[in-house]
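Let's take a walk through this structure together, starting with its aromatic rings and then moving out to its surface.

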Amino acid sequence: MGFEAGQPVGEPSQDDRMWALLAHVSGFVVSIVGPLVIWLVKKEESPFVEDQAKEALNFQLSVFIAALALSATCVGAILLPVVGIGSVVYSILAAIESQKGVAYRYPY
């Protein structure tokens, strides 16, 4: 089940919103592990949490791969902080939107 970006998704419960928020915020705290654990635990219980945890996991995987590729080069090492700051900013934006009950899509 997919959700359209920026659209309310039929009033997810407060618990669902909290889990979606944690999926996005845990990404910059524990990288891939946080969204993965939330997705594995909650995927059968809530379509909203499943969708947002998969979105957060996909974004954190992309950030992880970009960080690996950038750290392998001298010029990339200079750009690595930009990727880290972008990851934190987009994760916070996603957490705010998911707390409102809106299915967030990362703009990449």
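Which residues do ring pairs link into a cluster? They are Phe59, Tyr90, Tyr104 and Tyr106. Rings of Phe, Tyr and Trp (its six-membered ring) pair if their centres lie within 6.5 Å, and planes under 30 degrees apart count as stacked, over 60 as edge-to-face and the rest as tilted. By this rule there are three aromatic pairs. Phe59 and Tyr90 form an edge-to-face pair, because their ring centres are 6.3 Å apart and their planes stand at 80 degrees. This pair links distant parts of the chain, with Phe59 in helix 3 (residues 47-71) and Tyr90 in helix 4, 31 residues apart. Helices here are DSSP runs of H or I with at least four residues, numbered from the N terminus.

Tyr104 and Tyr106 are also edge-to-face, with centres 5.3 Å apart and planes at 90 degrees. How covered are these rings? Buried means under 20% relative accessible area, exposed over 50%, and partly exposed in between (1.4 Å probe, protein chains only). Phe59 is buried at 7%, as are Tyr104 at 13% and Tyr106 at 6%, whereas Tyr90 is partly exposed at 32%.

Elsewhere, the charged end of Lys43 sits over the ring of Trp39, 4.5 Å from its centre; the rule asks for NZ of Lys or CZ of Arg within 6 Å of the ring centre and within 35 degrees of the ring normal.

A word on the basis: this is a predicted model, where local features need pLDDT of at least 70, side-chain atom pairs count only at pLDDT 80 or more, and totals for chains, interfaces and linings use all residues. Residues are numbered from 1 along each chain as its sequence is written, and side-chain values use heavy atoms, leaving out hydrogens and water.

Conventions: Helices (H or I, at least four residues) and strands (E, at least two) are DSSP runs, numbered from the N terminus.
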